[in-house]
Amino acid sequence: MAGLLFEGADWDFHTLQRVHDACEEIARKELGLDVYPNQIEVITAEQMLDAYSSVGMPLFYKHWSFGKQFAFQEASYRKGLMGLAYEIVINSSPCISYLMEENTATMQTLVIAHAAFGHNHFFKNNYLFKQWTDADGILDYLEFAKGYIMACEERHGRLAVERTLDAAHALMSHGIDRYPGKKTLDLRAEEKRAGDRRRHEEAAFNDLWRTVPTTKTKNTTTLSAERRRALLGLPQENILRFLEKTAPRLHPWQREIIRIVRHIAQYFYPQGQTKVMNEGTATYVHYRIMSRLHQQGQISDGNFLEFLGSHTNVVFQPEFDDRRWSGFNPYALGFAMMQDIERIVTNPEQEDREWFPDIAGKGDVEGVLRDIWANYRDESFIGQFLSPALIRRFRLFHLHDNPADTNGIKVDAIHDERGYRRVRRELSRQYDVGFIDANIEVVDVDLAGDRRLMLRHSTVKGSQLNETDARRVLQHLADLWTYDVALTEVDGDKVLKEYVVSPRTAAVAA
Amino acid sequence: MAIHIVDRRLNPGSKSLENRQRFLRRAKALVQGAVKKTSQDRDIKDVLEGGEVAIPMDGMEEPRFRREGGTRDMVLPGNKKFVEGDYLPRPSQSGGKGSGAGEGDSEDAFRFVLSRDEFVDLFLDDLELPDLAKRKLAETEHEGLQRAGYATSGSPANISVSRTVSRALARRVALRRPRQEDIDALEAELAECDDEKRRTEIRAQLEALKAKFKRIPFIDPIDIRYRRFETVPKPVAQAVMFCLMDVSGSMSEHMKDLAKRFYMLLYVFLKRRYKHVEIVFIRHTDRAEEVDEDTFFHGPASGGTLVSSALVAMTDILRTRFRPADWNIYAAQASDGDNMTSDSALTGQLLTEKILPVCQFFAYLEVGEAANYTFDMPDSSLWTLYERLRNDGAPLSMRKVSERGEIFPVFQDLFKKRGAQERVA
């Protein structure tokens with residue numbers, strides 16, 4: 001039996017060290033977690049607010065929209081509308097966890113178990129993060145991005161940089177590669193690449209060449225339409241990548257900025273797809289670690305009660321008719337599913353054996369969970385592992401709202417034998433990025449004619465783009481493209497709506 | 001495994017300051033409008049506080065492709081009584097419960113808090129002040145030096161001898177530095193002593209003492225302490241600001257607003273120079289009374305116009321509450337210029353004999369309707385009177401204004417005077 005890690009609510013840096021070591025012991029030996037080295041940073045509430053407004057990253061380039069975010073959050077924090085998170089954790093190596101200085105010793109323990117082990121393990125092992133993020137390189141890359149954008153502001157003026165960033169931000173959600181390419185991401189090489197690009201330009205610059213008459217260019221119309229599209233990599237759903245590679249009149253630095261925004265969007269891509277799993281994992285891990293610490297007598301009863309209080313708040317799920325309802329709480333759903341899996345693995349009912357033959361009664365909770373944490377994302381996780389028992393416990397039901405149906409909103413499935421699979425499928429679909437983001441692709445460019453860029457939005461279930469916002473985004477896109485941009489919304493072959501936007505005269509690119 | 005714990009609390013805060021400034025710059029026109037509106041509703045004394053402003057999101061939106069409408073499917077928790085196939089009525093508004101997040105729609109006002117400095121900055125901008133004046137107003141007040149303990153480093157001129165010596169003494173005692181008297185005594189003993197054995201003993205003792213004496217200096221650099229000084233804002237004497245206003249029927253809302261801005265500006269200015277600023281509001285028709293700010297600007301009043309009544313009230317208050325020896329007295333009068341002709345003599349006399357001699361600054365602001373160009377305004381009776389006084393050498397600042405931008409020049413005299421004082425000092 002180890003002694004108490006701390007008494008009361010006070011802590012100092014030695015306490016944090018002890019707490020970390022105690023958590024690590026349990027995390028490694030008992031849960032078999034595999035984590036990046038930890039870096040724990042203690043920050044003030046003000047710094048937490050700062051971090052909020054730069055998407056949680058320790059350093060970020062400057063842009064007015066973060067200031068807007070900050071102003072908004074500061075106002076709601078001051079009015080008491082919003083509490084601050086206990087912690088922010090960054091997917092980097094070493095894995096940085098920010099702890100608020102106001103937290104009590106118990107909270108710090110909770111937060112270390114949650115972030116420095118739960119999230120950390122998930123970041124390091126989940127296939128999406130492995131595929132799409134480069135934890136070793138991200139901090140250096142952000143440093144480079146910040147410096148690069150600052151240098152651009154000096155060279156090309158703040159306004160021009162700001163406009164480019166505005167436009168790139170508007171298209172951020174469509175700047176993501178959804179399928180892995182040949183090359184894995186190497187953020188460290190990015191800085192070198194940008195430098196090479198500039199040096200090459202400088203070395204290759206020869207003013208005389210401008211005056212040399214060029215030979216007649218080959219007649220491009222001979223290329224078949226198919227071939228041309230293939231050369232341009234069309235259709236392309238990553239609009240930012242398409243702009244970076246093919247927009248005719250962008251300056252090199254603008255391409256680099258677009259590339260930066262694209263990389264950052266890509267970095268956050270896995271986080272959006274694994275909210276439930278990520279929080280579920282972290283919450284499950286902190287729950288296990290805290291319980292074990294208490295069992296071993298390293299945390300006093302009083303402090304453990306304090307922990308249970310905040311844990312309960314974290315995993316609280318209001319029901320749909322509750323005033324506090326604002327969607328599923330990823331902590332609640334994730335934690336409940338992890339615990340449910342633990343139950344299925346150790347103590348299954350007959351029903352569970354039918355539904356989950358692979359894991360029911362297998363006995364090795366940690367092994368099963370580690371495998372799940374590594375190989376699933378929210379959509380597939382819920383699609384596979386939401387059990388009937390949990391559907392009953394949450395009393396989940398599925399509503400189908402077809403505007404054409406005058407009867408109202410139909411209750412399509414509830415927590416009964418006929419409904420389990422449908423409820424599960426629909427819930428899993430709510431977490432499917434394929435359904436969350438509008439499916440918009442660049443389909444063609446009229447190279448022979450007016451260079452109009454053509455995009456297509458393939459609608460799903462009849463939902464179309466919000467017109468005001470769509471026009472604004474297209475305006476940004478046209479400014480970068482510098483020629484007309486057309487977007488058609490289609491349902492199969494039926495054209496629902498067409499937008500055509502021309503670039504503004506004081507366009508981004510010259 | 002290695003773990004790093006880093007204390008970031010001491011890192012410079014407000015990393016978001018730059019972003020925030022960019023945001024404010026971008027939203028400048030909108031924020032300025034909001035500040036203008038807010039400052040109109042505020043009391044004069046509150047003008048220097050920051051505060052929450054709301055601006056429309058015009059031009060500040062961050063558009064994204066968003067989808068809406070169509071067939072929707074959702075899974076919700078907490079079913080109590082529904083069974084498959086039930087129909088629920090649609091919520092009445094078309095938006096549904098899905099939307100409703102804080103800052104989504106462009107029509108929503110965006111609320112945030114401006115700091116005190118940001119607010120004053122924008123407020124001054126809104127008054128269309130020339131840059132020079134803005135700088136003067138915005139600059140912090142005079143700083144004075146104040147003793148603040150001791151420091152281990154500093155300029156030789158600031159060495160604190162007594163502190164240094166007493167520290168040296170403490171160190172010498174602590175390290176048992178031999179005293180000169182002990183050495184002298186031993187030497188004397190040595191000189192007198194004949195016993196060879198004793199002499200060697202004393203010599204050894206002496207040597208040890210002398211070595212130690214050498215090793216431990218009388219004053220070591222670590223003993224030295226410097227007097228530390230801190231700059232503190234110098235408490236400046238107090239000031240009182242008299243706001244005199246004609247509230248007879250002929251003063252329109254626009255004129256009162258102009259007057260209010262004028263008072264606010266004077267207040268901002270005084271607040272920068274004086275720690276403590278009192279404001280006295282005197283409104284008058286054909287008789288004067290001291291009122292609170294709200295009544296001053298918004299209370300109804302009617303009657304004729306006797307400027308001297310206000311001046312009499314002011315002298316009374318001066319005599320009873322604000323002795324010129326203790327207070328810097330500033331007065332600002334706003335009027336549309338009407339005055340009974342028979343009152344001129346008395347007004348002139350009061351001003352030149354009683355008021356102007358004790359005032360730092362007396363400004364007269366003649367306010368006109370927005371449509372009027374100032375140069376079209378015929379000289380009013382009060383204007384004629386004051387102009388005559390000024391020509392006789394009375395220190396009066398006077399200006400006709402019908403637009404906000406014209407307010408500031410009234411203060412030019414004030415700034416000039418201040419510049420001269422500074423040069424003298």
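Let me start with a loop: Pro94(A) sits between strand S2 (87-90) and strand S3 (95-100) of chain A. Helices here are DSSP runs of H or I with at least four residues, strands are runs of E with at least two, and both are numbered from the N terminus. The bond joining Ser93(A) to Pro94(A) is a cis peptide, with omega about 0°.

Before going on, the conventions. This is a predicted model, in which local features need pLDDT of at least 70 and side-chain atom pairs count only at pLDDT 80 or more, while totals for chains, interfaces and linings use all residues. Residues are numbered from 1 along each chain as its sequence is written, and chains are lettered from A and ligands numbered from 1 in the order in which they are written.

Arg451(A) lies in the loop between strand S6 (439-445) and strand S7 (453-458) of chain A. Its phi is near 60°, a positive value in a residue other than glycine. Thr482(A), in the loop between helix H21 (467-481) and strand S9 (485-491) of chain A, also is not a glycine and has a positive phi of about 70°.

Are these two buried or exposed? I call a residue buried if 20 or more other C-beta atoms lie within 10 Å of its own, exposed if 12 or fewer, and partly exposed in between, with C-beta atoms placed from the backbone. Arg451(A) has 14 C-beta neighbours inside 10 Å and therefore counts as partly exposed. Thr482(A) has 20 and therefore counts as buried.

Next, helix H13 of chain A. H13(A) covers residues 301-314, and its 14 residues should span 20 Å at 1.5 Å a residue; the end C-alpha atoms are 20 Å apart, which agrees. The expected span is 1.5 Å times one less than the number of residues. Which residues of H13(A) are buried? They are Asn303(A), Phe307(A) and His311(A). These cover an arc of only 75° around the axis, so they are on the same side of H13(A); the arc is that of the directions from the helix axis to the C-beta atoms. In general, an α-helix has 3.6 residues a turn, so residues three or four places apart point the same way. The other side of H13(A) has exposed residues: Asp301(A), Gly302(A), Leu305(A), Gly309(A), Thr312(A) and Asn313(A). The buried residues pack against helix H4 (105-125) and helix H12 (275-295) of chain A, where contact is taken as C-beta atoms, placed from the backbone, within 7 Å.

On to domains. Chain A is divided into domain 1 (13-126 + 274-310) and domain 2 (315-363 + 378-430), with bounds from an automatic or database domain assignment. Their C-alpha centres lie 27 Å apart. Nine residues of domain 1 and 12 residues of domain 2 take part in the contact.

Now the interface between the chains. Chain A contributes 77 residues and chain B 55 residues. On the chain A side, the largest share, 11 residues, comes from helix H3 (residues 64-78). By class, that side has 30 nonpolar, 27 polar and 20 charged residues. Nonpolar means Ala, Val, Leu, Ile, Met, Phe, Trp, Tyr, Cys and Pro; charged means Asp, Glu, Lys and Arg; the others, Gly among them, are polar.

Two strands pair if DSSP finds at least two bridges between them. The sheet is open, with four strands in the order S4(B)-S4(A)-S5(A)-S5(B) and antiparallel pairing. S4 and strand S5 (87-88) of chain B stand at the edges, each with a single partner strand, so one side of each is left without a neighbour in the sheet. S4(A) (residues 397-401) and S4(B) (residues 72-76) pair over five bridges in the antiparallel sense, with Asp401(A) opposite Arg72(B). S4(A) is joined to S5(A) (residues 409-413) by three bridges, also antiparallel, and there His398(A) stands opposite Ala413(A).

Last, chain B. Its secondary structure comes to 13 helices and 14 strands. In strand S10(B) (residues 277-284), seven of the eight residues are buried, so the strand is largely enclosed by the rest of the structure. S10(B) runs parallel to strand S9(B) (residues 239-246), with eight bridges, and antiparallel to strand S11(B) (residues 288-291), with four. His284(B) stands opposite Asp246(B) in S9(B) and has Ala288(B) as its bridge partner in S11(B). S10(B) and S11(B) form a hairpin with three residues between them.

How values were computed: Contact = placed C-beta atoms within 7 Å.
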